[in-house]
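Please keep the model open beside the text.

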Amino acid sequence: MNALILEVIPEGEGKYRLLLDQTVFYAMGGGQPTDQGKLTSSNWLGEVYQVITIDGELWHYLKSDNAPINGDVVHGVIDWERRYKNMRYHTGGHIVDFALYLLGYSPDRLTPIKADHGKKPYIVYKGLVDHDITQELQNKVDELIEKDLQFSWDFQSFEDLKKEAIYLQPNLPTNKPLRTLRLETVGAVADGGTQLHSTSEAGKIMVGDIDTEEDSTIIHYLLPQQI
Ligand SMILES: [Zn+2]
């Protein structure tokens with residue numbers, strides 16, 4: 001990727017944040033960690049350690065040996081190994097979530113509230129179930145992976161999303177197209193994160209501890225480190 005620097009803000013001690021005219025970096029969000037990687041220009045070399053969206057703008061936080069300048073053309077490369085791992089963890093969470101939907105727990109008895117697809121991934125649901133669902137959830141997750149179902153995504157209006165989504169997260173914007181993630185034969189949800197192409201690409205997902213906290217259920221899951 002080549003891009004143009006639109007703005008540079010010094011952050012002290014060889015650190016800067018940059019706004020680019022386009023990017024391949026995924027900003028931290030939707031429970032998925034930030035991309036990292038390198039940005040280089042003809043006279044400096046920088047390590048991107050974090051990418052964050054601030055007021056709708058995507059800022060690249062950079063450590064660089066020389067100061068980047070507005071108008072510099074930069075070449076960007078993401079740390080693909082890190083991205084792919086994040087994708088696997090993120091999609092893994094959606095597979096667990098779709099499995100809970102197929103089992104009839106989500107979204108009514110267990111309503112998804114938030115998720116973290118980082119190093120110790122989990123999904124938080126509002127609601128409780130009165131028995132241990134670990135084994136049936138594991139079986140359903142295994143079945144989805146075994147079936148090698150395909151994910152696909154596109155953008156559609158809130159009105160159209162509403163017709164097919166298995167649930168709607170609170171505070172979805174209604175005035176712009178929303179990215180819709182579909183798992184074939186299962187269902188669709190609004191989602192902006194990066195995804196694997198099929199359930200089998202996740203390899204194996206282990207359903208971990210299922211904890212409860214007041215009126216919430218926290219489902220932990222693990223993916224073996226394959227890369
Ligand atoms: Zn997601």
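1. Asp55 is not a glycine, yet its phi is positive, about 50 degrees. Asp55 is exposed, with a relative accessible area of 78%. Here, exposed means over 50% relative accessible area, buried means under 20%, and partly exposed is in between (1.4 Å probe, protein chains only). Asp55 sits in the loop between β4 (44-54) and β5 (57-64). Glu13 also has a positive phi, near 50 degrees, and is a residue other than glycine. The loop between β1 (2-12) and β2 (15-20) holds Glu13. Glu13 is exposed at 83% relative accessible area. Helices (H or I, at least four residues) and strands (E, at least two) are DSSP runs, numbered from the N terminus.

2. What you are looking at. This is a predicted model, in which local features need pLDDT of at least 70, side-chain atom pairs count only at pLDDT 80 or more, and totals for chains, interfaces and linings use all residues. Residues are numbered from 1 along each chain as its sequence is written, and side-chain values use heavy atoms, with hydrogens and water left out.

3. The zinc site. Which protein atoms are donors of the zinc ion? They are His90 (NE2), His94 (NE2) and Asp191 (OD), lying 1.9 to 2.1 Å from the ion. Donors are N, O and S atoms within 2.8 Å of the metal (3.2 Å for Na, K and Ca); water is not among the atoms, so sites may look incomplete. The donor residues are spaced H-x3-H-x96-D in sequence. His90 lies in helix α1 (residues 80-102) and Asp191 in the loop between β11 (187-190) and β12 (206-213), so this pair ties together parts 101 residues apart in sequence. Both His90 and Asp191 are buried.

4. Gln195 is in the loop between β11 and β12. At 4% relative accessibility, Gln195 is buried. Its side chain makes a polar contact with the side chain of Thr91 (2.7 Å). Another polar contact, of 3.5 Å, joins the side chains of Gln195 and His90. A polar contact is a pair of N or O atoms within 3.5 Å; within protein, one must be able to donate a hydrogen and the other to accept it, and residues adjacent in sequence count only if both atoms are side-chain atoms. Leaving out residues up to four places away in sequence, Gln195 touches Met87, His90, Thr91, His94, Trp153, Arg179 and Leu181. Contact means heavy atoms within 4.5 Å.

5. Salt bridges. How many are there? The count comes to eleven. The rule asks for a side-chain nitrogen of Lys or Arg within 4 Å of a carboxyl oxygen of Asp or Glu. Asp154 and Arg182 meet in one, at 3.3 Å from N to O. That pair links distant parts of the chain: Asp154 is in strand β9 (residues 151-156) and Arg182 in strand β10 (residues 178-183), 28 residues apart. Asp154 is partly exposed at 34%. Glu47 and Lys38 form another, with their closest N and O atoms 2.9 Å apart. Glu47 is partly exposed at 41%, and Lys38 is partly exposed at 40%.

6. Glu159 and Lys162 meet in a salt bridge of 3.8 Å, N to O. Both lie in helix α3 (residues 158-164), three residues apart, about one turn of the helix. Elsewhere, Lys140, Glu143 and Lys147 are linked in a network of salt bridges.

7. Ser41. Is Ser41 buried or exposed? Ser41 is buried, with a relative accessible area of 15%. Ser41 lies in strand β3 (residues 37-41). Polar contacts of its side chain reach the side chains of Asn43 (3.0 Å) and Trp44 (3.0 Å). Not counting residues up to four places away in sequence, Ser41 touches Asp72, Val73 and Val74. Val73 is found in strand β6 (residues 73-78).

8. A cis peptide. Ser106 and Pro107 are joined by a cis peptide bond, with omega about 5 degrees. Pro107 is in the loop between α1 and β7 (111-116).
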